[in-house]
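Below are some notes for a colleague who is opening this entry for the first time. Please keep the sequence and the structure in view while reading the points.

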Amino acid sequence: MSELELQNKKAAAFVSTETIDGEIATLNLGPTHPATHGIFQNILQVDGERILSAEQTVGYIHRAFEKLAERRPYNQIAPITDRLNYCSSPINNMGWHMTVEKLIGAEMPKRVDYMRVIVMELARIADHLVCNSVIGVDTGALTGFTYMFQEREKIYDIYEEICGARLTTNVGRIGGFDRDFNKEFITKLRAFLKEFPKKFDEFGALLERNRIFMDRTIGAGPISAERALSYSFAGPNLRAAGVDYDVRVMKPYSSYQDFDFNIPVGNDGDTYDRFMVRQQEIRESLKIIHQALENMPQGDYHADIPSFYLPPKEEVYSSMEALIYHFKIVMGETPIPQGEVYHSVEGGNGELGYYLVSDGGRTPYRLHFRRPCFIYYQAYPEMITGSLLSDAILTMSSMNVIAGELDA
Amino acid sequence: MSEFATKIKDSILEKYNNTSYELDTYGEHNFICSKNDIHAVVEFLKNEGFIFLTDLTGSHYPESEGAEFQVVYHIHNLAENVRFRLKVDLAQNDLHVPTLTDLFAGANWMERETFDFFGIIFEGHPNLTRILNVDDMDYHPMKKEYALEDETRTDKDDTFFGR
């Protein structure tokens, strides 16, 4: 039986038993709708407020990143990755840098790994804060959102100290960072680590055991572990369904094996579980940042790979080798080995993978992004069929579908 | 290479004669399967615990004759933590490969994306239509013959920069 027939059958079963007014209406939710938080279109068949079937249209902000990447030298692809999941750009940037480092076989100093972990975990906190506070908004609790966005601003202030940008960060380079953490960075980070948990606990107290919120979210948009795996779910959405798959543990990158943290899992895969998994992950991320900051190794903030990492400007003007390397890197003339690699990192929404094929030329021969949003958003109709329209909105915001990552 | 990976590798090579295997320098397990076997191989792997279809995509190699297109699968056994990469070579004039949607629900959109960008036809797919590009587009844009920039432009000269 095809998927469509299956949906129709489900719908028919619904109409005969729970008809509200017996008339099926077509409702166009999106493409621009204030409750979808992005450009998503869903054509719903509704009977009263019950959803009988749904069909998504995606691609509204497709920007041909994979094609663009085939014309850009390796270091010019990092800004493209910013625009995938723009709630946690640093994770995307570093995932890309690590992919190239894997291709060229570069070893990073421990310090670079720890610095990356700090920035990536900050990004994860920012990503989860947006998602969870927006779940609050969609249930009618605007207060938490306003407070959590202030905290997110502080994370952006911290980004600004390491890369100068806030949203599309383009942080780091192939081979490490372009500068070390400065004093301001450490001061701001320590202030954040001190003040944030209190405010975050207040936010948690508003919603986590709130009877109204629990009644509203428990059982909304559930998915079983088996179906979630079949749909290749990853990240918090998969863990909410009860599968403890986390790339940081399964295929550790950037020295994640050095840190002590837990992987929270849910049970029912519903909106409440997704919310709670993200809440706990924020707490675990804070733990990781503390450990990284306390055990920060001494050393260089970049690897010793002169043919990929720009030399300091003073040397470019005073030494021959530096000038040559500078020129070659900027013009994209560095020799790159042939080969193909797949590298994945745990993004805000799950396994963010980069499949890179190099033919030795100045640009990738083929680059494919495994975008978790794109893969799990296809389960959306299955998750909302039979539920109320307001639950569909909640399900979408708790899945954290980001248009930039969905459409690439 | 873990004992488990070796065992599975050996039984695949034994069962499906047209399959070749290579462990690359990055430590990844690469299989090249024939398109007639791919569905059976994936089904076999799924029964052996490879329950997570990480990624499915395509690539275009216009230079390699008889194998101009390739479909690339990444499939992960979560319990044993082993990931295999399977590839299927396709000739330009016959871009048909069986669908995996009956094994993995998530293959649906990944196959549609591959169809959209490369024109590879997944036989038995329930709804093989364009997904990210507009419906009335009449070509498959990730093929190498479509240059990114308009080649009729004369105001840009990049000859000296190796492009």
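1. In this predicted model, the axes of helix α12 (residues 271-294) of chain A and helix α17 (residues 389-399) of chain A come within 9 Å and cross at roughly 25°. Axes here are lines fitted to C-alpha atoms, for helices over the stretch in contact, with angles running from 0 to 180 degrees between N-to-C directions. Because of that angle, α12(A) is roughly parallel to α17(A), a label for angles under 35 degrees, while those over 145 count as roughly antiparallel. Helices are DSSP runs (H or I, at least four residues), numbered from the N terminus.

2. From α12(A), the contact (heavy atoms within 4.5 Å) draws on A:Thr271, A:Arg274 and A:Arg278, and from α17(A) on A:Leu394, A:Thr395, A:Ser398 and A:Met399. By class, two of these residues are nonpolar, three polar and two charged.

3. Turning to the two chains, 46 residues of chain B are in contact with 46 residues of chain A. Between them the chains bury about 4200 Å², 56% of it on carbon and sulfur atoms, where buried area is the accessible area (1.4 Å probe) lost on being put together, summed over both parts. On the chain B side, B:Tyr26, B:Trp109 and B:Leu132 lose the most area to chain A, together 19% of what that side buries.

4. Six salt bridges are found across the interface of chain B and chain A, each a side-chain nitrogen of Lys or Arg within 4 Å of a carboxyl oxygen of Asp or Glu. The side chains of A:Glu70 and B:Lys144 meet in a salt bridge at 3.1 Å, N to O.

5. Residues are numbered from 1 along each chain as its sequence is written, and chains are lettered from A in the order in which they are written. Local features need pLDDT of at least 70 and side-chain atom pairs count only at pLDDT 80 or more, whereas totals for chains, interfaces and linings use all residues, and side-chain values use heavy atoms, with hydrogens and water left out.

How values were computed:
Buried area is the accessible area (1.4 Å probe) that two parts lose on being put together, summed over both. Helices (H or I, at least four residues) and strands (E, at least two) are DSSP runs, numbered from the N terminus. Angles under 35 degrees count as roughly parallel, over 145 as roughly antiparallel, 65 to 115 as roughly perpendicular and the rest as oblique. Ala, Val, Leu, Ile, Met, Phe, Trp, Tyr, Cys and Pro count as nonpolar, Asp, Glu, Lys and Arg as charged, and the others, Gly among them, as polar.
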